[in-house]
Amino acid sequence: MTKILWGGATSASQYEGGYENRGIDTQDCRPYSPKTEDATVATRLLTEEVIQEAKRKDGRHYYPFRKGSMGYEHWEEDIALLGDLGLDVYRLSISWTRIFPKGNDEFPSEAGLQYYDRIFHSLKNQGIKIFLTMNHYAVPLHLVESYGGWLNRQMIDDYLRLAEIIFERWGDLIDYYLPFNEINAGYFSPYNGVGLIKNGTNPYAYQDIFLSLHHQFVASAKTIQMGREKGVKGKFGAMISCFCYYAHTSRPEDNLRLVEDEQINQWFCMDILSRGEYPYYMEPFFKKHRVDLNISEEDTKVLRAYTCDFVSFSYYSSSISSVSESNQQTAGNLVATTKNQYLEASEWGWQIDPIGLKTTALKAYDRYQKPIMIAENGLGAKDTLVDGQVHDPYRIEYFKRHFEQLKEAEAMGVPVLAYLAWGIIDIVSAGSCEMDKRYGVVYVDADNQGKGSYRRIKKDSYYWYQQYIAMQKEGE
Ligand code: BG6
């Protein structure tokens, strides 16, 4: 049996802030706007107008990703908190525009590199393994505006320059690499996943989505190639967002829809990155949607040769597949789904389903036979700070129930490398740009408008997780 590493995770755009010391990226253009009554309403479809507004110096909006949780100022204290917590591994991402402010500058920013030098060394001093997401959603805006970002093949080379710097500077420090966060988001949330700008109210073109994704697949494989050729010690993962689909009824049509949802929404990208080729079911899908990728022989070769070492996924809640369009809907991770009468949901409508975590771990291992990693999981909830304390029994309960299921999967023989609690220190929500939707075991005193002291406060769940991790170590 493997020993699960217990960890926590954040992403640069949601955590760091420090906007004055880096270039602008796509996430920096997303303004905060108060949540509407309908939790399933999409708040993240950016158009050219929204971007132009974001670039104005006298802008009328608050842009939360420019401030994050002020990690840029608080990182030292935060890493000490993670060390005291007893984390085995911390997943964080690098901000592309902190290294290359425009994305493709001639030279990297030395100040940016030094910022990460300090962070990585400090994590190592605390005995924490480093899991680096090389790109978590945010794309340098300059690259999107000058040549279309991931739509353009040039992105692969610009991304690889970032990868090269990472390997050369920190190749002996980093334990796990992830070229892209939730790569399937490029399909279900193209702005987040591949930084595509929306053309007014027109839907995204499938051709644009899948061409951008193809460039990410090749960038991912070439990154693995470069890392291996340079002999870095870390292992390479691929990551998808998993939805754990259930058929709404036992109607054969619903069950067939489940298979299609799993294939297209969930596994397709991992099939390529883990097995090394486009799966058979994409051909009819591309034909139907008039997608022509014109894949070169060289791309085919590189995809086949450089597959991931481990399979990682985010899992927050399960979903329902149905051919009916009249089911009551509820929100999920960047996509809405049918409400499940057997499950409770978070305040944001995400259905809480610990068994779904076990199911997903089993299915992922069945399909790929590679070690798995839970790259993200957790409960986004409203917490209240009263007399300097945050009592969050709901989060402890969520962890307990999910950990139990994960351990059951492990006991059945699934090699689980690590569990990473998402947003371990409160961060800005990627879906809704709010600070109110908190996942952390450490509270950050700030509101949705970026007001507050940004003081760090340990929640009850911090002490619970600390004890849990210590107990796992005793049991070794
Ligand atoms: C994942 C993303 O999709 O879900 C994270 O990788 C994100 O960046 C997380 O924060 C939770 O989503 P949200 O919308 O609650 O922040």
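Start by selecting strands S4 (residues 176–178) and S5, which run parallel and are joined by two bridges. Strands here are DSSP runs of E with at least two residues, numbered from the N terminus, and two strands pair if DSSP finds at least two bridges between them. Before going further, please keep in mind that this is a predicted model, in which local features need pLDDT of at least 70 and side-chain atom pairs count only at pLDDT 80 or more, while totals for chains, interfaces and linings use all residues. Residues are numbered from 1 along each chain as its sequence is written, and side-chain values use heavy atoms, with hydrogens and water left out.

**Stop 1**

Pick Tyr177 and you will find it opposite Phe236 in S5. Now colour the whole of S5 (residues 235–242): seven of its eight residues are buried, so the strand is largely enclosed by the rest of the structure. Buried means under 20% relative accessible area, exposed over 50%, and partly exposed in between, with a 1.4 Å probe and protein chains only. Which strand does S5 meet through six bridges? That is S7 (residues 310–315), and the two run parallel. To see one of these pairings, select Gly237, whose bridge partner in S7 is Phe310.

**Stop 2: Thr133**

Next, select Thr133 in strand S3 (residues 129–133). Thr133 is buried, at 0% relative accessible area. Show its surroundings and, leaving out residues up to four places away in sequence, you will see that Thr133 touches Arg91, Leu92, Ser93, Ile94, Leu178, Phe180 and Asn181. Contact here means heavy atoms within 4.5 Å.

**Stop 3**

Move on to Ser319, which is in strand S8. With a relative accessible area of 8%, Ser319 is buried. Beyond its neighbours within four places in sequence, Ser319 is in contact with Phe243, Cys244, Tyr245, Tyr246 and Thr337.

Then select Ser324, in the loop between strand S8 (319–321) and strand S9 (329–330). Is Ser324 buried or partly exposed? Ser324 is partly exposed, at 28% relative accessibility. From the C-alpha of Ser324 to that of Glu253 is 9.6 Å, although the two are 71 residues apart along the chain.

**Stop 4: two positive phi angles**

Select Cys433 in the loop between strand S14 (416–422) and strand S15 (442–444). Its phi is near 60°, a positive value in a residue other than glycine, and Cys433 is buried at 3% relative accessibility. Tyr454, in the loop between S15 and strand S16 (456–458), also has a positive phi of about 60° without being a glycine. At 1% relative accessibility, Tyr454 counts as buried.

**Last stop: the ligand**

Now display the distances from ligand oxygen atoms to side-chain N or O atoms:

- Tyr439, at 2.5 Å
- Glu182, at 2.6 Å
- Trp422, at 3.0 Å

The protein covers 98% of the 380 Å² of accessible area that the ligand has on its own, as computed by the Shrake-Rupley method with a 1.4 Å probe.

Notes. Polar contact = N/O pair within 3.5 Å; in protein donor to acceptor, adjacent residues only side chain to side chain. Helix = DSSP H or I, 4+ residues; strand = E, 2+ residues; numbered from the N terminus.
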